[in-house]
Amino acid sequence: MRIVIAGGHGRIALRLERLLAGRGDEVAGIVRKAEQAGDLRAAGAEPVVLDLESASVEAVAERLRGADAAVFAAGAGPGSGVARKDTVDKGAAVLFADAAVRAGVRRFVVVSSMGADPEHRGQEVFDVYQRAKGEADAYVRGLDSLDWTILRPGLLTDDPGTGLVRLEAHTGRGPVPRDDVAAVLAELVDTPATSGLTLELISGSAPVAVAVKSVAGN
């Protein structure tokens, strides 16, 4: 498979790139800064320098043409302000989805956030983030041209992955290592039977492959 990842230098994305490249997939990661390219190459991915806050739909679609799947793993980051929650966490997600439609890439996986909700109340930065992610998710769900799956991890940690997770429509809150999020994403990309599902993810007791197959059967 050829898989294009938005937010290719993110902590989840770099892990995912290593997994996908390691199993023989062709991986490209979209990054904003040319100096990030070396880290992607080290992970086995082709770096594509493109700013999703300013690029046109056609420019992004050009990078997506010929791909078998697209993964949106970009984020403004914890140090960013309110404005970039709208331009990245929402705006870039909408742009990437529109570009996938234009490029004819049906398989589309989104890294969202547990609690994302377009009706989320509050004016703190995290509240704006949850609304932005919720609005982006709602937009993707409305695109019939995409076979989408939305993944909403719990509290992300840098602990070593265990390979054991809980993956359900509603898990309740809990932590999950980024290693395990990446492992689940790798399985989801390859499991189109999960299309149309919004899934929450925390650490649990099911091996990743078993957890994904379980929800694919529902």
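# A tour of helix packing and salt bridges

The model holds 14 salt bridges, counting each case where a side-chain nitrogen of Lys or Arg lies within 4 Å of a carboxyl oxygen of Asp or Glu. This is a predicted model, in which local features need pLDDT of at least 70 and side-chain atom pairs count only at pLDDT 80 or more, while totals for chains, interfaces and linings use all residues. Residues are numbered from 1 along each chain as its sequence is written, and side-chain values use heavy atoms, with hydrogens and water left out.

**Stop 1: Arg-15 and its partners**

Select Arg-15 and Asp-158, whose side chains form a salt bridge at 3.5 Å, N to O. Arg-15 sits in helix H1 (residues 11-22), while Asp-158 is in the loop between strand E7 (155-157) and strand E8 (164-168), 143 residues apart. Helices (H or I, at least four residues) and strands (E, at least two) are DSSP runs, numbered from the N terminus.

Buried means under 20% relative accessible area, exposed over 50%, and partly exposed in between (1.4 Å probe, protein chains only).

**Stop 2: H1 against H6**

Show H1 and H6 as helices. Their axes are 8 Å apart and the packing angle is about 50°. That makes H1 oblique to H6, given that angles under 35 degrees count as roughly parallel, over 145 as roughly antiparallel, 65 to 115 as roughly perpendicular and the rest as oblique. Axes are lines fitted to C-alpha atoms, for helices over the stretch in contact, and angles run from 0 to 180 degrees between N-to-C directions.

For the contacts (heavy atoms within 4.5 Å), select Arg-11, Ile-12, Arg-15, Leu-16, Leu-19 and Leu-20 in H1; they meet Arg-178, Asp-179, Val-181, Ala-182, Ala-183, Leu-185 and Ala-186 in H6.

**Stop 3: Arg-23 and Asp-25**

Next, select Arg-23 and Asp-25, which are joined by a salt bridge at 2.5 Å, N to O. Arg-23 is partly exposed at 38% relative accessibility, whereas Asp-25 is buried at 13%.

**Stop 4: helix H3**

Go to H3 (residues 57-64) and pick out Val-60, Ala-61 and Leu-64, which are buried. They cover an arc of only 105° around the axis, which puts them on the same side of H3; the arc is that of the directions from the helix axis to the C-beta atoms. The buried residues of H3 pack against strand E1 (2-6), strand E4 (69-72) and helix H4 (82-103).

With H4 displayed as well, the axes of H3 and H4 come within 8 Å and cross at roughly 60°. That makes H3 oblique to H4. On the H3 side the contacts include Val-57 and Glu-58, and on the H4 side Leu-95 and Phe-96 are among them. After H3, look at Gly-66, whose phi is positive, near 90°.

**Stop 5: helix H7**

Finish at H7 (residues 208-216), where Val-208, Ala-211, Val-212, Val-215 and Ala-216 are buried. Seen down the axis, these buried residues fall within an arc of 135°, so they line one face of H7. They pack against E8, H6, strand E10 (197-203) and strand E11 (206-207).
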